[in-house]
Amino acid sequence: MLKIVKRWFMAFFTLCFLASACRHDPIVQPVTENTCDSTNVSFKKSVMPILNKHCNSCHGSNVQTHGIILDNYAGVRIFALEGSLYGAIIQNGDYAPMPYSAAKLDVCSIALIHNWIREGIKDN
Ligand code: HEC
């Protein structure tokens, strides 16, 4: 008898635990989906910091690999218009994949650069 009661208690607590785990699900959703606001992208506030962090050790004013300079608007605009900026970061085989021999940019960073280009390559 005691055994059956114990088993019911175990089942009850397991169910409670599972139910509470489900309720908290939204917290473990990927952060990028909720926190990545990729509309009205600002060149200065969003695009430039990504390029400075991931690209400009090789494409800045000091080191200009392949003559590519991505540390100012005029420089970035050239490669954004030409298509190689976006082509390089989505790594679909049309351009040399960037960042060079490093992990692909995160989904949010790619979305920000993509939308900044689509919204007209503004110096904003
Ligand atoms: C460690 C150095 C390094 C970093 C960091 C780097 N690049 Fe490059 N980049 C290169 C080299 C080397 C090439 C030439 C590769 C080739 O032609 O195979 C290149 C080429 C390019 C090209 C021309 C691609 C083509 O096929 O025409 C673009 C555009 C570019 N990089 C953009 C970027 C962007 C954007 C980032 C950051 C997300 C970045 N790079 C980060 C070294 C780097």
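**Notes on a predicted model**

1. Let's start near the end of the chain: Ile121 counts as partly exposed because it has 16 C-beta neighbours inside 10 Å (buried means 20 or more other C-beta atoms within 10 Å of a residue's own, exposed 12 or fewer, partly exposed in between, with C-beta atoms placed from the backbone). Ile121 has a positive phi of about 50° although it isn't a glycine, and it sits in the segment after H7.

2. A word on ground rules. This is a predicted model, where local features need pLDDT of at least 70, side-chain atom pairs count only at pLDDT 80 or more, and totals for chains, interfaces and linings use all residues. Residues are numbered from 1 along each chain as its sequence is written.

3. The loop between H6 and H7 holds Gln91 and Pro99 (helices are DSSP runs of H or I, at least four residues, and strands are runs of E, at least two, numbered from the N terminus). Gln91 has a positive phi of about 55° without being a glycine. A cis peptide bond joins Met98 and Pro99, with omega about 0°.

4. Now the ligand: 20 residues surround it, and Cys55, Cys58, Tyr95, Met98 and Tyr100 are the closest (near means a C-beta atom, placed from the backbone, within 6 Å). H6 (84-90) and H4 (56-59) each supply at least two shell residues, and H6 gives the most, with four.

5. Finally, Trp116 touches Val41, Phe43, Ser46 and Val47, leaving out residues up to four places away in sequence (contact means C-beta atoms, placed from the backbone, within 7 Å).

Technical notes: Contact = placed C-beta atoms within 7 Å.
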